[in-house]
Amino acid sequence: MHKELSDLINRNVPGANSVANLTPDSKKIDSSITVETSHINKVIQFLKTNKETSFNSIHCISGVDYMEYMEVCYMLTNYDPNAVRNLILKVRVTDRINPAIDSIVSLYAGADFLEREVYDMMGIKFVGHPD
């Protein structure tokens, strides 16, 4: 699913440079998709509004510090009763002095608290966040 979804993102969001991060054993380790940081709003808007994907809920945003860079991970879900789908969408934040990424609160109101938590814990600013 991730490879096909990554290809769909690349066809519909120019410049997203979506890459599927596939694991050999997806039952033990979650696969994910990484996109360009500057395109996070466009990618998430596409994933939320596209009839093929329609990820209608965000249930977690987390920050990870890998020393060389930081990563913001978005856990999206489509709660279709016939085919529940989950996605981990990642972006890299390479500026460790002033780490920043666009807010997605305008797309998912539930992202408000989640983005504030990542800011408080990791220092990553969410540009356009209402707080």
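Leaving aside its neighbours within four places in sequence, with which residues is histidine 39 in contact? The legends below, which describe a predicted model, begin with this residue.

**View 1. Histidine 39 in the loop between strand 2 and helix 2.** Apart from neighbours within four places in sequence, histidine 39 is in contact with Val13, Pro14, Gly15 and Ala16. Histidine 39 counts as buried because its relative accessibility is 15%, and the cut-off for buried is under 20%.

**View 2. The packing of helix 1 against helix 2.** The axes of the two helices lie 11 Å apart, and the angle between helix 1 and helix 2 is about 115°. Helix 1 is therefore roughly perpendicular to helix 2. Their crossing is right-handed. Helix 1 contributes Leu5, Leu8, Ile9 and Asn12 to the contact, while helix 2 contributes Val43, Phe46 and Leu47. Of these residues, six are nonpolar, one is polar and none is charged.

**View 3. The largest nonpolar core.** This core has 33 residues, of which Leu47, Tyr74, Leu89 and Ile104 touch the most other members. At least two residues of the core come from each of helix 1 (2-12), helix 2 (40-49), strand 3 (57-65), strand 4 (70-78), strand 5 (85-93) and helix 3 (111-122). Helix 2 gives the most, with five residues. In soluble globular proteins, nonpolar side chains tend to be buried together.

**View 4. The surroundings of isoleucine 104.** When neighbours within four places in sequence are left aside, isoleucine 104 is in contact with Ile40, Asn41, Ile44, Ile58, Ile61, Tyr74, Ala111 and Glu115. Both isoleucine 104 and Tyr74 are among the core members that touch the most others.

Notes
Residues numbered from 1 in each chain as written. Predicted model: local features only at pLDDT ≥ 70, side-chain atom pairs only at ≥ 80, totals over all residues. Heavy atoms only, no water. Core = buried A, V, L, I, M, F, W, Y, C linked by side-chain atoms within 4.5 Å. Buried < 20%, exposed > 50% of the residue type's maximum accessible area, 1.4 Å probe, protein only. Helix = DSSP H or I, 4+ residues; strand = E, 2+ residues; numbered from the N terminus. Contact = heavy atoms within 4.5 Å. Axes fitted to C-alpha atoms, helices over the stretch in contact; angles between N-to-C directions. Parallel < 35°, antiparallel > 145°, perpendicular 65-115°, else oblique. Left-handed = near helix turned anticlockwise from the far one by under 90°. Nonpolar A, V, L, I, M, F, W, Y, C, P; charged D, E, K, R; others polar.
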